[in-house]
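Good morning, and thank you for coming. Please look at the model on the screen while I take you through a few of its features.

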Amino acid sequence: MSTGLRLELQCGWRFSCASSPNYIHRNRPLLIRSSSGGADSDGSYSTSQKNRNQNDAVLSGTTARGRRLLKIREEKRKREYDRLHNYPSWAKVLEDACKSDGELRAVLGDSIGNPELMKKKIEDRARKKGPNFNKSKTGSVVAFKVSFRDFNPVDSNIWFELYGSPTDRDVDLIGSVIQSWYVMGRLGAFNCSNLQLANQSMEHNPLYDAEKGSKVMHSSFHDISDVEFQDNWGRFWVDLGTSDFFAIDVLLNCLTVLSSEYIGIQQVVFGGRRIGDWEEGMTNPDFGYKSFKI
């Protein structure tokens, strides 16, 4: 092997093959240009840097998805910091109690791990129930607002805004109400052509003509979508078919009691393609998406 032959390695060591094969000496470390950031020598940026810049742009808060992701990350970071450095003992007691107390777990919902939110939910629970803490009423005393936006009964969304993001229990409760409403419509319940007892007095044993009722043209609720939630907004699509419009009154009556007794609703909107901060196609639970299968 030639004496002048040298091997240069990326680790910064330089070996020289002298006359003796065991002759090795350490030289000054080699300078290696890093490709982890900044521009290349010709002023252009590497592919990885461009991808990072694009990701930063996506998460900059310019879209609803980005804002949700930033908000979730910040809340998670704060909860982790509080848990490690300043997590209150009473919150730990509540968390342990939730393991065997289903009612307390339903009250706290998704606030577990966030002491401030846990405290707020407990205070709201106590304030709404007043002196009778065992009473089951947990809704809102304020009636919700109802509005219509080019509502098409055979092809429209029905939206509702809650006071906060629903827990899994809230999703099941709201979804069950809407599912029951749909099943009644499928069975022809919303048919104004056969309201024989609506205007009769019940004091003198009213008569019902079953044969007349069987001859009335049936009405049917055609179709409905799953109930979807993004943060505190929910929606579902409907095709009322041949059901009469008093089906909407029945739904609003149900939602009124649901709102006052169990889950507070701020407003219900019939029609409209996009309301609030709703983003089409966003079905990731990490971004606040939940659903109920009809």
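A polar contact is a pair of N or O atoms within 3.5 Å; within protein, one must be able to donate a hydrogen and the other to accept it, and residues adjacent in sequence count only if both atoms are side-chain atoms. Such a contact, of 2.9 Å, joins the side chains of Glu-228 and Tyr-289. This is a predicted model, in which local features need pLDDT of at least 70 and side-chain atom pairs count only at pLDDT 80 or more, while totals for chains, interfaces and linings use all residues. Residues are numbered from 1 along each chain as its sequence is written, and side-chain values use heavy atoms, with hydrogens and water left out.

Glu-228 belongs to strand E6, residues 227-230 (strands are DSSP runs of E, at least two residues; helices are runs of H or I, at least four; both are numbered from the N terminus).

Let us turn to helix H3. Which residues of H3 are buried? In this helix, residues 89-98, they are Ala-91, Leu-94, Glu-95 and Cys-98; buried means under 20% relative accessible area, exposed over 50%, and partly exposed in between, with a 1.4 Å probe and protein chains only. Seen down the axis of H3, these buried residues fall within an arc of 100°, so they line one face of the helix; the arc is that of the directions from the helix axis to the C-beta atoms. Ser-89 and Val-93, on the other side of H3, are exposed.
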